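Subject: Structure handover

Hello,

Here is the structure for your files. My notes on it follow below.

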Amino acid sequence: MQAQDITFYDGHISKPYPATIAPIDRETVLICYNQQRRRYAYADMQLIGALGQIRPVVELKDDARIEFPHMLPEWFELNKKRVQHSIWKLERSPSLILFSLVFVAAFIFAFLKWGIPGAANYVAMQLPADTISKLGDQAQEQVFDLTEPSTLPLARQKQIIQSYQDVVANGQPAKVLFRAGGQIGTNALAIPNNTIILTDELVNLAKDDHEIIGVLAHEQGHLVERHSLKQALSSLGFSLLFVVVTGDSSSLFTSVPVAIVGASYSRNFESDADQYAMHVLDKNQISSLHLANFLARMEADARAEEEEKQPQGKSEEEEDGGIGSFFQSHPATQERIAAIRQFNQQQRLSN
């Protein structure tokens with residue numbers, strides 16, 4: 001068999017030597033370089049390679065190294081040679097590289113779209129009640145820091161709470177609290193510790209108590225399905241991955257309360273909560289149009305307030321980006337209103 005030209009590093013200096021390699025038998029090879037000879041056994045070799053590396057490289061036990069100019073010769077009996085050849089071939093195939101990139105991108109997309117939300121859903125539903133209560137209490141403190149004590153008369157607060165218990169609670173009432181809007185403005189929040197917070201501004205904006213009942217039923221739907229906790233955990237998906245890998249949940253659970261307060265609900269969560277509210281209202285013979293009308297009024301009020309705050313010269317996109325706290329956490333309001341009106345029409349036709 002003819003010798004194969006190679007580049008050889010002797011392990012003592014970094015200078016490369018032109019050399020030849022030839023088989024002695026099925027176990028050893030002979031390397032000739034710089035008027036010297038060395039014998040090496042296949043058992044003392046390690047075939048290495050990196051993505052995009054063209055030359056096969058063999059590391060030797062004495063820190064020497066062999067670089068082949070092309071593919072390994074057929075007589076070279078090193079184990080895993082064929083596997084490594086296949087890898088190098090794949091590395092040089094543009095179509096396979098493109099396929100790999102598409103596959104990785106699809107995997108990342110699927111993981112972000114379904115993997116993290118699925119994990120968040122599982123964790124949220126498996127958390128014990130005392131953990132949920134603790135997280136909710138911390139989130140409630142965050143809300144209190146952003147708001148002020150309510151100025152609604154106690155009689156008015158009791159009236160709303162009684163209506164909630166009669167219509168929405170279904171034997172499992174949440175704690176309903178009132179706060180002056182402060183930094184969150186016209187808003188309603190469902191906190192995982194079985195608490196619903198209404199701001200004075202939201203109550204004052206309503207023209208009918210049925211509108212407030214509709215909002216409370218919507219927030220009750222979030223509580224029943226643990227939406228705020230799921231959304232907060234989903235937004236902290238990488239933290240969840242960190243917990244799975246390390247088992248250290250301390251940083252995760254100190255961040256969740258803040259994420260709960262600022263959670264931006266997905267459209268699916270909003271749709272589920274609306275559906276819950278619509279069925280509660282329909283069951284109590286209250287038109288779901290009350291909720292649709294209130295959403296429309298809230299959106300108009302928030303837009304008007306935001307336009308007053310916008311300096312002249314802002315683009316239309318910038319104006320649409322700051323509608324208000326309620327609509328940042330309740331997206332696609334017009335779609336929700338349309339769905340509620342469609343539900344109301346279907347109920348009327350069925351009756």
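Among contacts in the chain between residues at least 6 apart in sequence, what percentage join residues at least 24 apart? The share is 60%. Please keep in mind that this is a predicted model.

Overall figures

The chain has 351 residues, and 41% of them count as buried. It holds 14 helices and 11 strands. Its accessible surface is about 20100 Å², with 52% of that belonging to carbon and sulfur atoms.

Helix H3

H3 runs over residues 129-146, which is 18 residues. From first C-alpha to last it reaches 26 Å, close to the 26 Å expected at 1.5 Å a residue. Its buried residues are Ile132, Leu135, Gly136, Ala139, Gln140 and Val143. These cover an arc of only 145° around the axis, so they sit on the same side of H3. On the face turned away from that buried side are the exposed residues Asp130, Lys134, Glu141 and Asp145.

Helix H11

H11 covers residues 289-309. With 21 residues at 1.5 Å a residue, H11 should span 30 Å, and this agrees with its end C-alpha atoms, which are 30 Å apart. Buried in H11 are Leu291, Ala292, Phe294, Leu295, Met298, Glu299, Ala302 and Glu306. Seen down the axis, they fall within an arc of 160° and therefore line one face of the helix. The exposed residues Glu307 and Glu308 are carried on the face of H11 turned away from the buried side.

H6 against H11

The axis of helix H6 (residues 209-225) comes within 8 Å of the axis of H11, and the two cross at roughly 90°. H6 is therefore roughly perpendicular to H11. On the H6 side of the contact are His210, Glu211, Gly214 and Val215. They meet His290, Leu291, Asn293, Phe294 and Arg297 in H11.

Gln157

Leaving aside residues up to four places away in sequence, Gln157 touches Ser150, Leu152 and Phe178.

Regards

Terms used
Residues numbered from 1 in each chain as written. Predicted model: local features only at pLDDT ≥ 70, side-chain atom pairs only at ≥ 80, totals over all residues. Heavy atoms only, no water. Helix = DSSP H or I, 4+ residues; strand = E, 2+ residues; numbered from the N terminus. Buried < 20%, exposed > 50% of the residue type's maximum accessible area, 1.4 Å probe, protein only. Contact = heavy atoms within 4.5 Å. Areas by Shrake-Rupley, 256 points an atom, 1.4 Å probe, with all protein chains shown as cover. Expected span 1.5 Å × (residues − 1). Arc of directions from axis to C-beta. Axes fitted to C-alpha atoms, helices over the stretch in contact; angles between N-to-C directions. Parallel < 35°, antiparallel > 145°, perpendicular 65-115°, else oblique.
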